[in-house]
Amino acid sequence: MQVDTGIGTVHAEVVGGGPAALLWHSLFLDSHQWDRVRDTLAAHRTLVLVDGPGHGRGGLPPRRFTFDDCADAAALVLGTLGLGPDVDWVGNAWGGHVGYAYASRYPARSLVTIGAPPTPLPPAERRRIALLTAAYRAVGPRPLTGAVVAALLGPDADADSVAMVRDTFRANDRTGMQRVMRAMMLQRPDLTERLQRISAPVLLIAGDRDPMWTPARAAATAAGLPHVRTAEIENAGHLPPLETPAPTAAEILSFWRQTSPVTS
């Protein structure tokens with residue numbers, strides 16, 4: 001179904017049964033990035049799989065919007081579906097950043113973030129992303145596809161994972177993607193304080209081959225926060241649900257079992 005929100009149209013698909021879990025994908029992809037963990041997770045949760053604006057079946061976002069706007073859009077989607085805000089949130093990269101905003105504003109049952117550092121982009125990375133965004137605006141996705149694949153996937157990613165990242169990146173709406181890149185990457189604020197404000201249990205997942213969010217950085221972020229734990233996924237880059245679905249799903253289910261009921 002399509003839901004009109006303050007950040008444009010968000011597409012939502014519902015599968016599975018049990019307590020609700022909302023899954024928000026990484027930048028450059030869409031809800032199909034969850035295909036390899038979908039059936040496993042849907043055996044225990046009613047999954048709300050969203051396509052954010054500018055991605056997949058999502059609509060055109062406004063020129064300016066924030067992570068709080070995204071969180072409010074997710075709450076609107078859940079309300080439209082007749083579900084409450086107390087969901088298990090699972091977000092990869094962009095979806096994890098939105099999760100920090102959502103769980104700090106709404107009574108989420110739990111939060112799983114994957115490849116989602118709560119800190120802003122470091123200066124060198126910001127300069128690189130600024131160049132990428134400018135190049136995308138000038139020439140479109142095709143010349144940049146190789147760089148995006150290399151940034152998101154580990155070196156041993158299989159051909160289907162490479163094809164999914166490549167094809168989805170190229171297929172997404174060009175204007176919408178440019179707006180999301182600017183608002184969600186270049187203008188990403190420091191979300192560390194949001195993480196500290198969250199009362200729900202939090203799991204920070206990091207792939208051991210992800211240079212943007214290493215397991216060591218995740219552990220340092222979780223230090224001193226009793227409600228936050230971490231998990232390392234071997235042989236994965238920035239997209240563990242796509243690259244290494246079985247261990248990623250196992251970590252999520254284990255976390256759910258420890259924090260809230262898992263239906264059988």
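**Ground rules**

Helices here are DSSP runs of H or I with at least four residues, strands are runs of E with at least two, and both are numbered from the N terminus. I'm working on a predicted model, where local features need pLDDT of at least 70 and side-chain atom pairs count only at pLDDT 80 or more, while totals for chains, interfaces and linings use all residues. Residues are numbered from 1 along each chain as its sequence is written, and side-chain values use heavy atoms, with hydrogens and water left out.

I started with Arg63, which sits in the loop between β4 and α2. I looked up its accessibility: Arg63 is exposed, at 55% relative accessibility (exposed is over 50% relative accessible area, buried under 20%, partly exposed in between, with a 1.4 Å probe and protein chains only). Leaving aside neighbours within four places in sequence, Arg63 is in contact with Arg179 and Arg182 (contact means heavy atoms within 4.5 Å). I also checked the C-alpha distance from Arg63 to Ala183, and got 8.1 Å for a pair 120 residues apart in sequence.

Phe65 is in the loop between β4 (46-51) and α2. Buried or exposed, I wondered about Phe65? Phe65 is buried, with a relative accessible area of 5%. Not counting residues up to four places away in sequence, Phe65 touches Ile7, Cys70, Arg179, Val180, Ala183 and Met184. From Phe65 to Gln187, 122 residues along the chain, the C-alpha separation is 9.8 Å.

**Entry: pockets**

Next I went through the open spaces. My pocket rule runs on a 1 Å grid over the protein atoms alone: a pocket is an open set of points with protein on both sides within 12 Å along at least five of seven lines, and lining residues have an atom within 4 Å of a point. Points are joined across faces, edges and corners, and a volume is the space filled by probe spheres set on them.

The second largest pocket holds about 150 Å³. Phe65 turned up again in its lining, together with Arg64, Thr66, Phe67, Asp68, Ala101, Ala183, Gln187, Pro189, Asp190, Leu191 and Arg194. By class I have 6 nonpolar, 2 polar and 4 charged residues there (nonpolar is Ala, Val, Leu, Ile, Met, Phe, Trp, Tyr, Cys and Pro; charged is Asp, Glu, Lys and Arg; the others, Gly among them, are polar).

The largest pocket comes to about 440 Å³. Of the 28 residues lining the largest pocket, Leu121, Glu125, Met185, Met212 and His238 are the closest to its centre. The elements that give two or more residues to this lining are α3, α4 (123-139), α5 (145-152) and α7.

**Entry: enclosed space**

How many cavities of 30 Å³ or more are there? The count is 1, where a cavity is a set of points at which a 1.4 Å probe fits but cannot get out. The volume of the largest cavity is about 30 Å³. Its lining is Glu13, Ser31, His32, Trp34, Asp35, Arg38 and Leu49, which I sorted into 2 nonpolar, 2 polar and 3 charged.

**Entry: cores**

The largest nonpolar core has 64 residues, and those touching the most other members are Leu22, Trp24, Phe28, Trp94, Tyr102 and Val165. Helix α2 (residues 67-80) supplies the largest share of this core, 8 residues. Another core lies apart from it, with 22 residues, among them Val15, Val90, Ile205 and Ile252. A core here is a set of buried Ala, Val, Leu, Ile, Met, Phe, Trp, Tyr and Cys residues joined through side-chain atoms within 4.5 Å.

**Entry: Asn172**

I found Asn172 in the loop between α6 (159-171) and α7 (174-186). Asn172 is buried, at a relative accessible area of 6%. Its side chain reaches the backbone nitrogen of Gly56 at 2.8 Å. Beyond four places in sequence, Asn172 touches Phe28, Leu29, Gly54, His55, Gly56, Tyr136 and Met177.

**Entry: positive phi**

Ala93, in the loop between β5 (88-92) and α3 (94-105), has a phi of about 55 degrees. Ala93 is buried at 6% relative accessibility. Asn235 has a phi near 60 degrees and lies in the loop between β8 (228-233) and α10 (240-243). Asn235 is partly exposed, at 43%.

Technical notes. A polar contact is a pair of N or O atoms within 3.5 Å; within protein, one must be able to donate a hydrogen and the other to accept it, and residues adjacent in sequence count only if both atoms are side-chain atoms.
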